[in-house]
Amino acid sequence: MTDHKTGTRDEWLAARLELLEAEKQHMRQGDELVRRRQELPWVAIEKEYVFETDDGRTTLAELFDGRSQLLVYHFMFGFGFRVDEQNPGCTGCSFVADHFDGVRPHLNGDDVTLVAESIAPLEQLHAYAERMEWTFPWVSSLGSDFKYDFGAAFTEEQQRNGAEYNFRHVDAPPPQREGMSAFAIDHGVVHHSYSTYDRGVEQLMGTYRYLDLAPLGRKEEAPAAWWRRHDEYEEAR
Amino acid sequence: MTEHRIGTQDEWEAERGELLKEEKELTRRGDELTRKRLELPWVQVEKEYSFETEDGTKSLPELFDGRSQLLIYHFMFGPVYEAGCTVCSSITDTIAANVPHLAARDVTMMLVSRAPLEKLLAYRERMGWSLNWASTVGDDFNRDLGFVNTPEELRPFLEGDIPPVVEQMAKASGTDAAGYVAEGPGLSAYALSDGAVYRTYVTTARGLEPAMGYYGLLDRAPRGRHEQGEAEHWLRRHDEYADAV
């Protein structure tokens, strides 16, 4: 027998319906935040950012690839969780990025382009993407202020003296952190509309959504302790 | 110039900071719901269900594939469908990435539908998916969870004004509204303990949005889902978009 509390179907249903009310309320609160998110003012971007891409050097406006909205995932490369010379992509960011190719056609179909950016040479990103079997656009922001300006990388000076991460002061930030920024282009002008960091990125990780519905949940001994690159799990070998 | 309200960096940061507080509260409230979900009583599944799979006929305990937890997505693909439901297809596009990570947490994730196995496998090949998909033997498995509707149950719905989106999705699956809504979408969760299977959780309708990864991203894009007032739903199968990648 299981140690978990068991019940009749009626007992389960009563508890489930009570939870459903709470789930619906939570979803409506989420809808309200989506509305608020879209009401944030947009900030016009006047600085020129240049990226190395498969199609050569491109501007931020060109990353939209003809669509009106752009989501940029700030992917930690060369620094991060379980990173070494053979495994240069952060394990957590790799976990997030595993979710991109499945959603990409649907985002594109709704006028949204999704790309990842990292401060690393493009050929290193290509090699890692090939190993991971990813096809989403991944651009190099090496030499650009982009990742720093959008709060996902920190200069040596900031690492010593502190900086803002996730909209609050951090005394000694690491060289890079995870995050995602959203942009809109209108009449040729690029605007920054939204950025999210830290657990805000969990919203992009479908696996957690499923684990939260599974019988035993996340059961994490320590946050992130179980994460591996998808080709590193015992069963994948 | 854009018609959207424009602000300075400082104005944006002030409003973003306010929103962040509420986003954090929503995340914590979500954590609390997850905790409550784990506290639901488990209900032993005593009925013997069977499924046709690529590896032959299997029982519900066998679908766990050696793991202790099982998540089943009830994919709308009825016997009369010519192609799988478009919305379920978009959900399935986002499931594949989760499979290795869920397996690492001792969770098996798969699809179940009422259409014959060969129909499911042919469609799976078109979509380029590789996850396990089983066909139910008899209707009970989906019916017991309310994911199969009888013509009598559907009569009030079918005699009313059928929403255009239902007509659109029915047509995309090569059937009519009555054939399409005979199936219902859902997600059900099971635990296996000492050889006994327990049903722990079932959800449907907007409860499935967590499985629709693109909504999480669209909800953070500048214009959001912008679905209101559109004559036709924008969603397509991934190989049907004009600029299919």
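Guide: A contact means heavy atoms within 4.5 Å. Keep in mind that this is a predicted model.

Visitor: Okay. What share of the contacts in chain A with a separation of 6 or more comes from residues 24 or more positions apart?
Guide: Such residues account for 58% of those contacts in chain A.

Visitor: And for chain B, what percentage of contacts between residues at least 6 apart joins residues at least 24 apart?
Guide: In chain B that figure is 65%.

Visitor: How many helices and strands does chain A have?
Guide: Chain A has 8 helices and 10 strands. Chain B has 10 helices and 8 strands.

Visitor: What does the C-alpha trace of chain A span along its principal axes?
Guide: About 65 × 45 × 40 Å for chain A. The trace of chain B spans about 65 × 40 × 40 Å.

Visitor: What percentage of residues is buried in chain A?
Guide: Of its 237 residues, 55% are buried. Chain B has 245 residues, and 52% of them count as buried.

Visitor: Which residues form the negative surface patch?
Guide: Glu164(A), Asp10(B), Glu11(B) and Glu13(B) form a negative surface patch.

Visitor: Which helix gives the most to that negative patch?
Guide: Helix H1 of chain B, residues 9-39, with 3 residues. Asp10(B) lies in that helix.

Visitor: Why does Asp10(B) count as exposed?
Guide: Because its relative accessible area is 61%, and exposed means over 50%.

Visitor: Now salt bridges. What lets side chains pair up like that?
Guide: Side chains of opposite charge can pair when their charged atoms come close.

Visitor: Show me one. What does Arg131(A) form a salt bridge with?
Guide: Its partner is Glu232(A), and the closest N and O atoms are 3.7 Å apart. Arg131(A) sits in helix H5 (residues 122-132) of chain A, and Glu232(A) in the segment after helix H8 (206-211), so the pair ties together parts that are 101 residues apart in sequence.

Visitor: Is Glu232(A) buried or exposed?
Guide: Glu232(A) is buried, with a relative accessible area of 13%. Arg131(A) is partly exposed, at 29%.

Visitor: Which residue does Arg218(A) pair with?
Guide: Arg218(A) forms a salt bridge with Glu202(A), with the closest N and O atoms 3.1 Å apart. Arg218(A) is in the segment after H8 of chain A, while Glu202(A) is in the loop between strand S10 (189-197) and H8, 16 residues apart. Arg218(A) and Glu202(A) are both buried.

Visitor: What network of salt bridges includes Glu202(A) and Arg218(A)?
Guide: The network links Arg199(A), Glu202(A), Arg209(A), Asp212(A), Arg218(A) and Asp31(B).

Visitor: Over to chain B. What does Asp140(B) form a salt bridge with?
Guide: With Lys47(B), the closest N and O atoms being 3.4 Å apart. Asp140(B) is in helix H6 (residues 140-143) of chain B, and Lys47(B) is in the loop between strand S1 (43-44) and strand S2 (50-53), so the pair ties together parts that are 93 residues apart in sequence. Asp140(B) counts as partly exposed, at 37% relative accessibility. Lys47(B) is partly exposed too, at 41%.

Visitor: Last one. Where is Gly216(B)?
Guide: Gly216(B) is in helix H10 (residues 213-218) of chain B.

Visitor: Why does Gly216(B) count as buried?
Guide: Because its relative accessibility is 14%, and buried means under 20%.

Visitor: How far apart are Gly216(B) and Ile162(B)?
Guide: They are 54 residues apart in sequence and 28 Å apart in space, C-alpha to C-alpha.

Conventions
Residues numbered from 1 in each chain as written. Chains lettered and ligands numbered in written order. Predicted model: local features only at pLDDT ≥ 70, side-chain atom pairs only at ≥ 80, totals over all residues. Heavy atoms only, no water. Helix = DSSP H or I, 4+ residues; strand = E, 2+ residues; numbered from the N terminus. Buried < 20%, exposed > 50% of the residue type's maximum accessible area, 1.4 Å probe, protein only. Patch = residues over 30% accessible without salt bridge, like charges linked within 9 Å, V, L, I, M, F, W, Y side chains within 5 Å. Areas by Shrake-Rupley, 256 points an atom, 1.4 Å probe, with all protein chains shown as cover. Salt bridge = Lys/Arg side-chain N within 4 Å of Asp/Glu carboxyl O. Lys, Arg positive; Asp, Glu negative; His and termini not counted. Charge placed at Lys NZ, Arg CZ, Asp CG, Glu CD.
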